[in-house]
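Here is a short report to read alongside the model. Please keep the viewer open as you go.

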Amino acid sequence: MIETPKVVTRRKLLGAGALGAGSVLLSAGNLNVVSGTMTVGGAFALAGATIDLGSGTLDVKGAFTRSSGTFTAGTGTTVFSGTTAQPIGGGVTHYNLVIR
């Protein structure tokens, strides 16, 4: 079964703590992970929005793609922790990349 991604538009996440989500499509607006962890249980797609990791952590369990938009790694960590092969694309530079 293919999971329908959650569409996030014009939302902002600030502060510590954890946020869990299934598949995520960021199509507009800004997402700031200042500290803490955002866990994406499926695919993460950046398509026109801006994400700033700050010193936070983005944990992705599915594919990671960027067709447009801006990914700013800051001093944050990007973790790929899926149980199967995870495609990673989009010409993004990660500050601290962890593959589990």
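## A buried pair of rings

Phenylalanine 64 and phenylalanine 71 are both buried, where buried means under 20% relative accessible area, exposed over 50% and partly exposed in between (1.4 Å probe, protein chains only). For phenylalanine 64 the relative accessible area is 0%. The two rings have their centres 5.7 Å apart and their planes at 90°, so they form an edge-to-face pair. Rings of Phe, Tyr and Trp (its six-membered ring) are paired if their centres lie within 6.5 Å, with planes under 30 degrees apart counted as stacked, over 60 as edge-to-face and the rest as tilted.

A note on how to read this: the model is predicted, local features need pLDDT of at least 70, side-chain atom pairs count only at pLDDT 80 or more, and totals for chains, interfaces and linings use all residues. Residues are numbered from 1 along each chain as its sequence is written, and side-chain values use heavy atoms, leaving out hydrogens and water.

The structure holds three aromatic pairs. In another of them, phenylalanine 64 meets phenylalanine 80 with ring centres 5.9 Å apart and planes at 85°, so this pair is edge-to-face. Phenylalanine 64 sits in strand 8 (residues 64-72) and phenylalanine 80 in strand 9 (residues 77-80), so the contact ties together parts that are 16 residues apart in sequence. Strands here, like helices, are DSSP runs numbered from the N terminus (strands E, at least two residues; helices H or I, at least four).

Phenylalanine 80 is buried too, at 1% relative accessible area. Taken together, ring pairs link Phe44, Phe64, Phe71 and Phe80 into a cluster.

## The nonpolar core

Which residues have the most contacts inside the largest nonpolar core? They are Leu26, Phe44, Ile51, Leu58, Phe64 and Phe71, in a core of 18 residues. Such a core is a set of buried Ala, Val, Leu, Ile, Met, Phe, Trp, Tyr and Cys residues joined through side-chain atoms within 4.5 Å.

At least two residues of this core come from each of strand 3 (24-28), strand 5, strand 6 (44-52), strand 7 and strand 8. Strand 6 gives the most, with four residues.

## Strand 9 and its neighbours

Strand 9 is covered on both faces: Thr77 and Val79 on one side, and Thr78 and Phe80 on the other, are all buried. Strand 7 (residues 57-60) runs parallel to strand 9 and is joined to it by four bridges; strands pair if DSSP finds at least two bridges between them. Strand 9 also pairs with strand 10 (residues 96-99), again in the parallel sense and over four bridges.

Threonine 77 features in both pairings: it is the bridge partner of threonine 57, and it stands opposite asparagine 96 in strand 10.

## Surface and charge

Isoleucine 99 lies in strand 10 and counts as exposed at 63% relative accessibility. With Ile88 and Leu97, Ile99 forms a nonpolar surface patch with about 300 Å² of accessible area together.

Side chains of opposite charge can pair when their charged atoms come close. How many salt bridges does a search of the whole structure find? It finds one, the term meaning a side-chain nitrogen of Lys or Arg within 4 Å of a carboxyl oxygen of Asp or Glu. Lysine 61 and aspartate 59 form it, with their closest N and O atoms 3.7 Å apart. Lysine 61 is partly exposed at 36% relative accessibility, whereas aspartate 59 is buried at 11%.

Notes
Patch = residues over 30% accessible without salt bridge, like charges linked within 9 Å, V, L, I, M, F, W, Y side chains within 5 Å. Areas by Shrake-Rupley, 256 points an atom, 1.4 Å probe, with all protein chains shown as cover.
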